[in-house]
Structure formats: C-alpha cells, structure tokens
Amino acid sequence: VSVSGHVNFPGDYAVERRNERLTDIMSRVGGFSPEAYVPGARLIRDSLVVGINLGRAIARPGGPDDLLLRAGDQIRVPQYDPTVFISGSVGFQTRAVFIAGMGMSEYIRQAGGSLDDADMNKISVEYANGRRETTKKFLWLIRQHPRVEPGSVIFVPAALPSEGGGGLGQILGNTMSLVTTVLTLLVLSDQLRGPT
C-alpha cells in the first residue's frame with residue numbers, strides 16, 4: 001500500500017495481514033504533518049477514487065469507515081487548500097477563498113455568475129477526498145445545493161439542448177395545454193347542465 005502526501009513517513013508499506021485497515025497503515029506512517037488536511041485524504045483503488053472519511057475512520061477504528069486495504073491501494077493525504085475552484089457554465093473559471101458558511105450562489109457570483117445555459121438544478125461539488133454530491137430538488141421548487149468545503153471543486157453544467165431549448169417554450173406549451181383542458185371541461189360541464 002502506497003502512502004503519500006502530508007504524513008510523517010510516506011512510502012510503500014506491505015500488507016501484513018488479511019484484515020489490515022486504514023487505521024493500521026496510518027499508525028505505521030507515524031501520523032500527519034502540521035499542514036495535512038485529513039478530511040481531504042483519498043484512497044485510490046484500481047485507478048478509481050474511493051471517497052473515504054479518514055477522520056471518522058481514526059475516531060472509530062474497525063468501524064464502517066475504517067476500510068480493509070488491498071495490495072496496490074494508494075492513500076494520499078493532501079495539504080490544506082483554503083480555496084474553492086468554480087468552473088463550468090459560469091462567467092469565468094476562478095478560485096475563490098473558502099469562507100465557512102458561505103452559500104453556493106455566492107461562490108458562483110465570484111465566478112462572474114451563471115451563464116444563460118447553466119443548469120442550476122444539477123450543480124455538483126467534488127470534495128478534496130474525491131467524493132461527489134449533486135444539487136437536489138424538493139417539491140419541484142426548492143433546491144438544496146451540496147455544502148462547500150475547503151479544496152472543493154464546484155461544477156455548473158450547461159443544460160442539455162433538449163432541456164435548454166425547451167425552457168420558455170415548454171413552459172408556455174404546458175400552460176396552454178392546461179388552459180385548453182380547463183376550458184374544455186368548463187364547456188362540457190355547461191353542456192351537461194343543459195339549458196336553464
């Protein structure tokens with residue numbers, strides 16, 4: 001298992017037993033350097049990033065976050081990054097300073113705002129540890145954006161042509177269809193009542 005980044009003794013470590021876990025390896029590397037950002041630690045297995053929570057694993061050895069390791073795994077512990085990268089369908093790609101509690105819309109504003117074709121319902125955030133989250137919608141109206149953490153990457157996608165092109169036209173079409181249905185029902189109701 002390869003351990004790199006901000007640990008005291010980075011290097012390659014042999015898997016000594018079948019049930020070797022994250023916390024076992026981390027105890028062998030002698031802890032973290034002062035610049036380490038533990039929440040951003042990531043595990044790479046078979047060239048894919050596994051979004052681990054190393055802090056929780058250390059707090060609860062043997063728990064669900066304390067993953068069993070396999071030969072060939074790579075653990076990377078990054079330096080703390082006090083910025084957030086914003087890209088996609090925004091005015092300009094930028095890096096903004098992370099401010100605790102600042103909302104998604106403010107970060108996007110710092111990147112020149114969203115463009116006309118931006119799909120604000122599908123904004124995604126990739127965290128330093130490789131985990132990703134996407135905006136969720138409730139009751140078709142309320143958006144819940146993912147929280148932003150230090151070292152995050154915010155991506156604002158462009159709407160697909162079918163979605164973007166049908167925006168206002170689709171709304172008008174749906175409204176006209178609803179109006180037509182209501183008028184038809186009113187006429188039928190009037191006819192069923194007959195002459196008064």
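Two strands count as paired if DSSP finds at least two bridges between them. Strands (E, at least two residues) and helices (H or I, at least four) are DSSP runs, numbered from the N terminus. The model is predicted: local features need pLDDT of at least 70, side-chain atom pairs count only at pLDDT 80 or more, and totals for chains, interfaces and linings use all residues. Residues are numbered from 1 along each chain as its sequence is written, and side-chain values use heavy atoms, with hydrogens and water left out.

**View 1. Strand 1 with strand 5.** Strand 1 (residues 2–5) runs parallel to strand 5 (residues 74–77), and the two pair over 4 bridges. In this pairing Ser 4 lies opposite Arg 76 of strand 5.

**View 2. Strand 1 with strand 2.** Strand 1 also pairs with strand 2 (residues 11–12), here in the antiparallel sense over 2 bridges. Gly 11 in strand 2 is the bridge partner of Val 3. A hairpin of 5 residues joins strand 1 to strand 2.

**View 3. Strand 6 with strand 7.** Strand 6 (residues 83–88) pairs with strand 7 in the antiparallel sense over 4 bridges. Val 84 stands opposite Ala 96, which belongs to strand 7.
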